[in-house]
Amino acid sequence: MRFLIVDTDYPSFLNWLYAQDPGLKHKSYEKQMQARAEISFACGVSHSSNLRKLGHEAHQIFFNNEDLQTAWAREHGLKINTRWQFRLRRGFVPWLSRSKDQHWLYDILTAQIEHYKPDVLLNNYLPLSTAYFRHMKPYLRLLVGSHGSPLPEDRDFGVYDLVLSVVENFVDYFRQEGVNSELLRLGFEPLVLEKLNGTERSIAVSFVGQLSRDHASRQHWLEYLSQRIPTQVWAPSTNDLRDDSPVIRCHRGTVWGIEMYEILRQSLITLNHHIDVAGAHAGNARLFEATGVGTLLVTDWKKNLHEMFEPGREVVAYRSLEECAEMVQYYLEHDEEREAIAHAGQQRTLQDHTYYKRMQEFVVIVWHYL
């Protein structure tokens, strides 16, 4: 089969990526994609690379990466009708920039669909225009969406032949709305381990993740812990925390991709707490990223956690703030037990939770709906 995976990236990540190499945006599409893949941010290009390992044709694009998409258009002879706007940079420097109107990005996506002729299009960012995808459905055999975060408003999910989610409560929601839905969990890419050789444990306790308004319970949890155990925090922003939050003094900045994995690998213990909309279900990326690099994961107890890991043997699960703090302190003081659980968790992830396994599951689901 032919697959096309449509992804997006955080604007803050894109700013960071292109700041690493100011000349990157002028390089070829292939060179820019290679730079994006080497960073190993989020699932990277694990969907497409593992689908190819399974014998399928697969391409992955990043819809909102304007420099990358512009390079593709240029190399395929596509004229881009962008709108430019005049504004003041830093309040006083005259500056021309592309308009926030995304019509030209949809034009490029249309050209990519026509070029790659996918049987299956997987859209990993549901806020993209459903009207657009309804228009493009005749070009596809199967249109699949994927979602695991707060739902966008006013979206016609019925345009999708199938919607995947990483947590069961979203699967139940879509089915109740009359939309076909299946569970497909996140995973770990073992190639990351090849980039971590020689990383030593130098951080007692870490937390890496978002601290936005959508993570209100996580904010409260981390504020409690940061006053009681030696926690170092990496987050893209602390703007949504209150000014006197104790988390701010623990904040060490932002890390993306392989730098994030290095922080996890350097940690004796790393912490996890799910986004509020996950409800009673576990399924976020940190479950697999932390265990994948062989670090002890202390995560919030969820009713489905045992389906992925055995609590107490492969991960440690807490049910309250107090229990979390007690568990962290205990495993900081008991090296052999900590290392045994971390090792078992890594073995479980490498056996059951790689992206190669996930793409095998994905193909089975796709065949069923085709």
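Buried here means under 20% relative accessible area, exposed over 50%, and partly exposed in between, with a 1.4 Å probe and protein chains only. By that count, buried residues make up 53% of the 370 residues in the protein chain.

Before you start clicking, please note that this is a predicted model: local features need pLDDT of at least 70, side-chain atom pairs count only at pLDDT 80 or more, and totals for chains, interfaces and linings use all residues. Residues are numbered from 1 along each chain as its sequence is written, and side-chain values use heavy atoms, with hydrogens and water left out.

**The whole chain**

Start with a cartoon view. The protein chain has 13 helices and 13 strands; these are DSSP runs numbered from the N terminus, with helices being H or I of at least four residues and strands E of at least two. Its radius of gyration is 21 Å, close to the 21 Å that the globule rule gives for 370 residues, so the chain is as compact as a globular protein of that length. That radius is taken over C-alpha atoms, and the rule is 2.2 Å times the number of residues to the power 0.38. Along the principal axes, the C-alpha atoms fill a box of roughly 60 × 55 × 40 Å.

Now select residues 267–271, which form strand 11. Four of the five residues are buried, so this strand is largely enclosed by the rest of the structure.

Next, bring in strand 12 (residues 296–300), which runs parallel to strand 11 and is joined to it by three bridges. Thr270 stands opposite Leu297 in strand 12. Follow the chain from strand 11 through helix 10 (residues 286–292) to strand 12 and you trace a right-handed β-α-β crossover: with the strands pointing away from the viewer, the path from the first strand over the helix to the second runs clockwise.

**Thr231**

Select Thr231 in strand 10 (residues 231–234). Thr231 counts as buried, at 4% relative accessibility. Leaving aside neighbours within four places in sequence, its contacts (heavy atoms within 4.5 Å) include Val205, Phe207 and Leu271.

**Aromatic pairs**

Show the rings next: the whole structure holds 20 aromatic pairs. Rings of Phe, Tyr and Trp (its six-membered ring) pair if their centres lie within 6.5 Å; planes under 30 degrees apart count as stacked, over 60 as edge-to-face and the rest as tilted. Tyr106 and Tyr132 have ring centres 4.9 Å apart and planes at 50°, so they make a tilted pair. Tyr106 sits in helix 5 and Tyr132 in helix 6 (residues 130–136), 26 residues apart, and both are buried.

Phe288 and Phe309 form another tilted pair, 6.0 Å centre to centre with 35° between the planes. Phe288 lies in helix 10 and Phe309 in the loop between strand 12 and strand 13 (316–318), so the pair ties together parts that are 21 residues apart in sequence. For a cluster linked by ring pairs, select Tyr10, Phe13, Trp16, Phe41 and Trp256.

**Two loop residues with positive phi**

Most residues other than glycine have a negative phi. Finish with Ser40, whose phi is positive at about 60°, in the loop between helix 2 (29–39) and helix 3 (46–53). Lys117 has a positive phi of about 45° and lies in the loop between helix 5 (103–116) and strand 5 (120–123). Buried or exposed? Ser40 is buried, at 12% relative accessibility, whereas Lys117 is exposed at 52%.

Key:
Two strands pair if DSSP finds at least two bridges between them.
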